[in-house]
Amino acid sequence: MKKTLIVVDMQKDFIDGALGTAEAVAVVDNVKKKIAGYRANGDEVIFTRDTHQQSYLNTNEGKYLPVPHCIEGSDGWQIYDGLQTEGATIVNKPTFGYLDWAKYQFEEVELIGLCTDICVVSNALILKALYPEITVKVDATCCAGVTPESHAAALLTMKMCQVEVFEG
């Protein structure tokens, strides 16, 4: 069975940049190990990159979250140092969820990354809607939310929508 790991928005701005948190920093090593495991098995790895333009503050999202982040080409937009991206697919997404997952042929998908309560949950639910019969999983130990409380709420929401949430 073809397995795919989707690493959601593990970018500098979400880890130790403009919107960084201690919880995000704390999951980096788990994410590295998870990526290494998929690579060792020869499985597919896809990275998403939250991608905004200089006009971000004038967007709807910018009005609700008035912190410039992940501006295309900036240091904060880059995938976090030390995460193995060689040979991986990288997709830029201008919104919470990537809207072109339908062009892929997934059999089983695992999502990890940031932020659990915004982009991870958005992508997990899009994938379940597009591929209702595949297994979609989320490793909670490789995710962090805006707050620990919103992280837990997102995990519960995903469980209710038949996403397999597990730890480790």
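1. Disulfides, taken as pairs of cysteine sulfur atoms within 2.5 Å, number 0 in this structure. Cysteine 142 is in none, and the nearest cysteine sulfur, that of cysteine 143, is 6.7 Å away. For cysteine 161 the closest cysteine sulfur is also in cysteine 143, at 16 Å, which is too far for a bond.

2. The basis is a predicted model, in which local features need pLDDT of at least 70 and side-chain atom pairs count only at pLDDT 80 or more, while totals for chains, interfaces and linings use all residues. Residues are numbered from 1 along each chain as its sequence is written, and side-chain values use heavy atoms, with hydrogens and water left out.

3. Burial is judged by relative accessible area: under 20% is buried, over 50% exposed, and in between partly exposed (1.4 Å probe, protein chains only). Cysteine 142, at 2%, counts as buried, whereas cysteine 161, at 33%, counts as partly exposed.

4. Helices (H or I, at least four residues) and strands (E, at least two) are DSSP runs, numbered from the N terminus. Helix H5 covers residues 148-160, 13 residues in total, and reaches 19 Å from its first C-alpha to its last. That is close to the expected 18 Å, the expected span being 1.5 Å times one less than the number of residues.

5. Which residues of H5 are buried? They are His151, Ala154, Leu155 and Met158. Seen down the helix axis, these buried residues fall within an arc of 100°, so they line one face of H5; the arc is that of the directions from the axis to the C-beta atoms. The face turned away from the buried side carries the exposed residues Glu149, Leu156 and Met160. Just after H5, glutamine 162 takes a positive phi of about 70°.

6. Cover for the buried residues of H5 includes helix H4 (116-130), strand E5 (135-144) and strand E6 (164-166). Contact here means heavy atoms within 4.5 Å.

7. A nonpolar core is a set of buried Ala, Val, Leu, Ile, Met, Phe, Trp, Tyr and Cys residues joined through side-chain atoms within 4.5 Å. The largest has 26 residues, of which Ile6, Trp101, Phe106, Leu111, Leu127, Val138 and Met158 touch the most other members. Strand E1 (3-8), strand E4 (108-114), H4, E5 and H5 each supply at least two residues, and H4 gives the most, with 5. Apart from this core lies another, of 24 residues, among them Val31, Cys70, Ala88 and Ile112.

8. Leucine 111, not counting residues up to four places away in sequence, has contacts including Ile6, Val8, Leu127, Val138 and Cys143.
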